[in-house]
Amino acid sequence: MALTSEVRAGFVTAAATLAVGLLTLNQALVGVFYDDGLYAGLATALASGHGYVHPNLPGLPGAVHYPPFYPALLTPFFGLLSVKSAAIAGKVLNALLNAGAAGLIAWHATKTELLGATVSRWVPGAIVSAAAVAIPVLATQGVLFAEPLFSVLLAVAVIATDGGTRPWLAGAAGALALLTRSIAIAVIAGIVCFLLLRRAPRRVIIAVVLPGLIAALAWGLWVTTHARQIDPALALGYGTYFAHVSQAGLSAVAANVPDMSRPLEALAFGWIPVRGLYGILATVSLGVGLYGLWLVARRSAIGLSLVFYFIILAIWPHPPDRFLWAVLPWLAWIWAVAMFELWRRWPNPRVRVPIAVLAALAVGGYLHYEYRGFSGRGWDAQARAISANFAELLPVVQNLPDSAVVATDDEALVWLYSRRRAVPLYLESYHGRELIRPTPAEHRAYLERMGVTHVLLASATSPSAIELRGVIGAYPSLLTAIYRWPDGRWLFAVNRGQ
């Protein structure tokens, strides 16, 4: 049986994305980007029978920051394999998931012909493939982040909704996406609004909403029950997402809205040294992208899903970069939809010249960005540097008593490889748009509550070093240096009662 052109496009896109993903696998330590270490710790706790808890923290408090689906997928790896082997297995899984998401999007983009019936059938797949192997996307899938799984579930939910015949599949995918990344609430909201605009039958809307509602209630009950176990000083890193919004309020909106498109602009126009030209091209490209979003929103659930997605990012008091990489293939396709539509609407050569120039600059700039990234192994440069640092530190930490509790950066990484309890050294909170550091007295009280016996300063230039210097200045007899590495890295013992 011959494969249709859209199926071939999906397979080719998935295969190309997978090949690049496997070629760029790295052996960095788990936990170099913080969240990946926490995911691995949760998987280890599940595999060892402790439940959904943070095993690195004293008292094993219940996990309320991260939904459980991705750690549950990692559980067999960390239950049966060494940490090193489990990390490789998890990264291969992420490469497969990223390839699967790219293949589904390419298949759907080819089938729906939103680029136009006259456009060659290989073009959607080429666009999606290029976005799926962007250096930031490869960096995201090269550590144990949940984004690749979220991307697959998002693709399934959107495709099932657009098809109109499998509402329960769309609902189930949306529910699992919500149990993977909480921002999937935007996906469910977008799908429901899309169906309402289509005047879909009530049973279809219920089939989409009900699984997500059940998932939200179940996860919400867990969070409500266990949230008080998290120390207030750890609210941003380990507490519920409401802690971020309640502390920052809506103060992030003014900074986030202008910053929303920055990561995408850097991919295409980061090579342009002239600030004015960069600003013009970035503004025009943003307008093209918004036009594409308006075009796609009328025919696909991804349009309104991304609208709600961006609304959440506008409120969220953190940079949008990582969230955008999870949907980059969709964004690239939507931008291309707008460009092809503009090309068709204005056949006048004088009008088409600027369109062609913009496309050439964007594609050329992106290829330049990718070339530089692949030349310098940009997908794992930071991970390798952090791994090399902790590879020097861990042997000393492993020699500490089993009862030791270490305050450090990347505490989940330290726990995974030393099995010594580890808590964050760096603390922060928000007061509106302002980032607040604890006073030395507050920091000391936190260290005492956590039962910290040792402090590991992994970098002399980190924010943790600034806070630690404040504590040492206020309480000079609290810590005793017991080991020193080059470049100002130290291991201290905590003197109780000082």
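Predicted model: local features only at pLDDT ≥ 70, side-chain atom pairs only at ≥ 80, totals over all residues.
**Entry 1. Loop residues with positive phi**

I began with Asp487, which is exposed at a relative accessible area of 67%; I use exposed for over 50%, buried for under 20% and partly exposed for values in between, with a 1.4 Å probe and protein chains only. Residues are numbered from 1 along each chain as its sequence is written, and side-chain values use heavy atoms, with hydrogens and water left out.

I located Asp487 in the loop between strand E6 (479-485) and strand E7 (489-494). Helices (H or I, at least four residues) and strands (E, at least two) are DSSP runs, numbered from the N terminus. Phi of Asp487 is near 65°, a positive value in a residue other than glycine.

I then looked up Tyr34, a residue other than glycine whose phi is also positive, near 70°. Tyr34 sits in the loop between helix H1 (5-23) and helix H2 (35-47). I noted Tyr34 as partly exposed, with a relative accessible area of 24%.

**Entry 2. Thr240**

I found Thr240 in the loop between helix H11 (235-238) and helix H12 (242-248). Thr240 counts as buried, at 16% relative accessibility. Leaving out residues up to four places away in sequence, I listed its contacts (heavy atoms within 4.5 Å): Thr240 touches Val64, Val223, Ala227 and Ala235.

**Entry 3. Helix H16**

I checked the span of H16 (residues 301-315): its 15 residues reach 22 Å from first C-alpha to last, close to the 21 Å expected at 1.5 Å a residue. The expected span is 1.5 Å times one less than the number of residues. Among the buried residues of H16 I recorded Ala301, Ile302, Gly303, Tyr309 and Leu313. The cover over the buried residues of H16 includes helix H7 (147-163), helix H9 (185-197), helix H15 (275-297) and helix H18 (328-345).

**Entry 4. The second largest pocket**

I used a 1 Å grid over the protein atoms alone: a cavity is a set of points where a 1.4 Å probe fits but cannot get out, a pocket is an open set with protein on both sides within 12 Å along at least five of seven lines, and lining residues have an atom within 4 Å of a point. Grid points are joined across faces, edges and corners, and a volume is the space filled by probe spheres set on the points.

The second largest pocket has a volume of about 1300 Å³. I counted 41 lining residues, with Leu331, Ala332, Trp335, Ala336 and Ala362 nearest the centre. H18 gives the largest share of this lining, nine residues. Elements that each supply at least two residues include H15, H16 and helix H19 (349-375). By class, I noted 36 nonpolar, three polar and two charged residues; Ala, Val, Leu, Ile, Met, Phe, Trp, Tyr, Cys and Pro count as nonpolar, Asp, Glu, Lys and Arg as charged, and the others, Gly among them, as polar.

**Entry 5. Cavities**

I found three cavities of 30 Å³ or more. The largest cavity has a volume of about 130 Å³. Of its 16 lining residues, Asn98, Val137, Ser151, Trp325 and Ala326 are the closest to its centre. Helix H4 (83-112), helix H6 (135-141), H7 and H18 give two or more residues each to this lining. I classed the lining of the largest cavity as 11 nonpolar, four polar and one charged.

The second largest cavity holds about 60 Å³ of space. Its lining includes Ala109, Glu113, Arg121 and Pro124, and divides into five nonpolar, three polar and two charged residues.
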